[in-house]
Amino acid sequence: MSLIDRYISAVAQQLPASRRDDITRELKANILDRMEHFSEQHGRPLTPADESALLRELGHPRQVAASFLPPRHLVSPAWFPFFLQCLTYGLIIVAGVQLLAAAVTLLGGGNVSIGGFIRGFIGGWIHGSLVMFACVTGVFCVLSNLAATANLSPYCKWRPEELPPVRQPWQRISLFDSTMELIGNAFFLMIMQYFFWVETASVPAAPLTVGAGLKSWLMILSAAAVVAILINLWNLRHPYWTSAKLSLSLVLRLILAGLCMAVAHTPDKIAVIGNSQMVNHLELINTIAFWIFIGGTAVNLFEASRRAHRLLLLRKIKEA
């Protein structure tokens, strides 16, 4: 069996039976033409080394066979934008779930190691993201290569009237910002509810708990966190600023700033459980808590000023 016959046989194995004979016949004629041109150009018959070089120039049998077939994609161009969108949302969901799971482990087990919490979150997020990526890619690979769905577009029902009325880049709300705020607010809400409903003294490894002063604010802070989560979900669904959204967010930020200031000046924010050595540092811990809430006040006032500024800009745009 000659080298050329072996090459054509290898190409034929990669072809559908319905087109195999036609393609191999065309390929063999092409190779023989190349060999004849080579002999005329060099004035001698081809040696086995020349045949090998010519076949290598043509390409690997799998590549040559693919050149005769319709292009195939892991994810087709029609599905690719939606594929990226699903991956983005998948990463967000995985991050949120892993953060909440790490928080449950932290609070439920009484393990107050920040390092362990971070390692658990990152490890779970990487593992969950890889599983999510494999599952989403597999689904879109099937959708891209099935004859019934390959040419479908997930955006076939979109309407120009649904495009956001955005004139300036700042009017768009970053997906990253919305996501981080949503995860942070959900985590904050979970922590507050945990200290409200669970007796921290039942967790033997937890040396600290909320004091009576801070506990009296937990439900009000939780209600504010719920409103913030609803606004985050609204931002994810419609990622651009409107007057109503800016006004609501401005009011919420001012309320949060007031709450943080009030909590900061509330005595007995943190308490020590049992005879922990933390008793000697309780004053310092409450001082740190005081400055954390003062920092929260400053951040919320800054964000409130940004909302107010954007609200004025948006009104000027509408008047123009």
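Is Glu-57 buried or exposed? Select Glu-57 and show its surface: Glu-57 is exposed, with a relative accessible area of 62% (buried is under 20%, exposed over 50%, partly exposed in between, using a 1.4 Å probe and protein chains only).

Before you click on: this is a predicted model, where local features need pLDDT of at least 70, side-chain atom pairs count only at pLDDT 80 or more, and totals for chains, interfaces and linings use all residues. Residues are numbered from 1 along each chain as its sequence is written, and side-chain values use heavy atoms, with hydrogens and water left out.

**Stop 1: helix 3**

Glu-57 sits in helix 3, so select residues 48-58 (helices are DSSP runs of H or I, at least four residues, numbered from the N terminus). Colour Asp-50, Glu-51, Leu-54 and Leu-55, the buried residues of this helix. They all fall on the same side of helix 3, because they cover an arc of only 130° around the axis (taken from the directions from the helix axis to the C-beta atoms). Just past the helix, click Gly-59, which takes a positive phi of about 120°.

**Stop 2**

**Stop 3: the rings**

Next, show Trp-79, Phe-80, Phe-82, Phe-83 and Phe-140, which ring pairs link into a cluster. The structure holds six aromatic pairs (rings of Phe, Tyr and Trp, the last by its six-membered ring, with centres within 6.5 Å; planes under 30 degrees apart are stacked, over 60 edge-to-face, the rest tilted). Zoom in on Trp-79 and Phe-82: their ring centres are 6.5 Å apart and their planes at 45°, so this pair is tilted. Trp-79 is buried at 8% relative accessible area, while Phe-82 is partly exposed at 27%.

**Stop 4**

Finally, select Glu-162, Leu-163, Pro-164, Arg-237 and Pro-239, the closest to the centre of the second largest pocket among the 14 residues that line it. Its volume is about 570 Å³ (the space filled by probe spheres set on the points, which are joined across faces, edges and corners). A pocket here is an open set of points on a 1 Å grid over the protein atoms alone, where a 1.4 Å probe fits, with protein on both sides within 12 Å along at least five of seven lines; lining residues have an atom within 4 Å of a point. Colour the lining by class to see seven nonpolar, two polar and five charged residues (Ala, Val, Leu, Ile, Met, Phe, Trp, Tyr, Cys and Pro are nonpolar, Asp, Glu, Lys and Arg charged, the others, Gly among them, polar).

Conventions. Helix = DSSP H or I, 4+ residues; strand = E, 2+ residues; numbered from the N terminus.
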